[in-house]
Amino acid sequence: MGAPPPARRMALHGRDVISIRDLSRDEIEEILAAGRRMIPYAEGAKVTHPLEDKIVAMAFFEPSTRTRLSFESAVQRLGGRCITIADMSATSMRKGESLSDTIRMLSSYADAIVLRHPNEGSARLAARVSERPILNAGDGAGQHPTQTLLDLATMHEAFGTLSGLKVVLLGDLKYGRTVHSLAYALALFGAELVLTAPPSLALPEELQAPLEHLGARVTREADVSRAVADADVLYVTRIQKERFPDETEYRKVAGSYRIDANVLAHAKSRLIVMHPLPRAGEIAPEVDATPHAAYFRQAFLAVPVRMALLAAVLGEPRRGGR
Ligand code: NCD
């Protein structure tokens with residue numbers, strides 16, 4: 001018998017991560033702490049290979065740059081290897097193969113599957129047929145829990161806490177999966193939320209109710225400059241053009257908000273501007289050179305945070321863990 005088991009045991013080993021609600025507050029905090037320790041490894045300054053004998057499948061059935069490449073970088077920094085589907089048209093799904101068959105097969109080729117798919121609920125479906133953990137990298141307008149982990153890491157790095165932060169969620173709160181996951185996590189950590197969206201892109205009612213249930217302070221402010229005035233974080237999102245059932249509806253809201261030096265003139269000096277990227281005109285390039293811009297740091301933190309998550313799900317189980 002060696003050292004006693006840790007007081008709070010993270011039982012993420014072998015688990016699926018489909019929705020942010022699959023993770024407890026303690027588990028999120030542990031991933032964030034492990035993510036901070038991973039930074040020098042993500043930068044290549046130190047080396048660790050806990051996934052030396054592991055293969056992770058990247059199954060991306062929708063466009064991706066940062067999510068797929070940061071996951072691949074994370075796997076490789078941990079000494080593992082990837083097999084990747086980056087183009088659906090090059091797979092047998094083109095021949096009519098179902099997602100279930102594709103996942104069942106992939107789960108016999110890899111130790112875990114990172115899945116991005118246009119249909120909401122696809123990751124949950126995949127988890128039912130997969131022998132191996134599924135990490136949801138975006139299921140349509142549903143959830144994007146691993147993005148939330150790196151979003152929280154970015155805020156924590158800037159402010160040393162999440163509780164009490166005033167966070168403006170701006171843009172497409174209807175179809176934006178990053179904000180669907182993030183709003184819940186921020187409420188869980190005691191942040192205050194300000195929802196700023198064109199009326200047709202408001203956060204769906206079924207996603208607002210749980211925030212109130214968690215006791216979060218949630219307000220709505222249509223005017224961006226007013227919303228930003230006493231905020232700590234401005235989280236900007238892209239209008240999810242590809243999710244609109246029709247182009248005229250999209251055109252009505254396209255270009256309806258843009259963050260530039262004028263908007264930020266009203267902000268606190270410590271305000272950070274975040275964006276999951278890609279941006280499509282919502283943040284003027286002039287913001288990049290200001291101390292407010294946090295979106296490129298946010299994109300980098302994807303690597304250490306995903307390393308921490310992969311190591312927890314796939315690495316050696318902790319003593320006493322599952
Ligand atoms: C987002 C996504 O795919 O949901 N991008 C990302 O993962 N960093 C946001 C978007 O596409 O607007």
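The largest nonpolar core comprises 65 residues, and Met155 and Leu169 make the most contacts inside it. A nonpolar core here is a set of buried Ala, Val, Leu, Ile, Met, Phe, Trp, Tyr and Cys residues joined through side-chain atoms within 4.5 Å. Buried means under 20% relative accessible area, exposed over 50%, partly exposed in between (1.4 Å probe, protein chains only). Helix α11 (residues 295–314) supplies the largest share of this core, 11 residues. Domain 1 (20–144 + 302–314) and domain 2 (145–299) both contribute residues, so the core lies between them. Domain bounds come from an automatic or database domain assignment.

The model is predicted: local features need pLDDT of at least 70, side-chain atom pairs count only at pLDDT 80 or more, and totals for chains, interfaces and linings use all residues. Residues are numbered from 1 along each chain as its sequence is written, and side-chain values use heavy atoms, without hydrogens or water.

Leu169 touches residues including Val179, Leu186, Leu195 and Tyr235, not counting residues up to four places away in sequence. Contact means heavy atoms within 4.5 Å. Another core, of 27 residues, lies apart from the largest one. Leu201, Val228, Tyr250 and Val253 are among its residues.

Helices (H or I, at least four residues) and strands (E, at least two) are DSSP runs, numbered from the N terminus. Five of the six residues of strand β1 (residues 55–60) are buried, so β1 is largely enclosed by the rest of the structure. Strand β2 (residues 81–85) runs parallel to β1, joined by five bridges. Strands pair if DSSP finds at least two bridges between them. Ile55 stands opposite Arg81 in β2.
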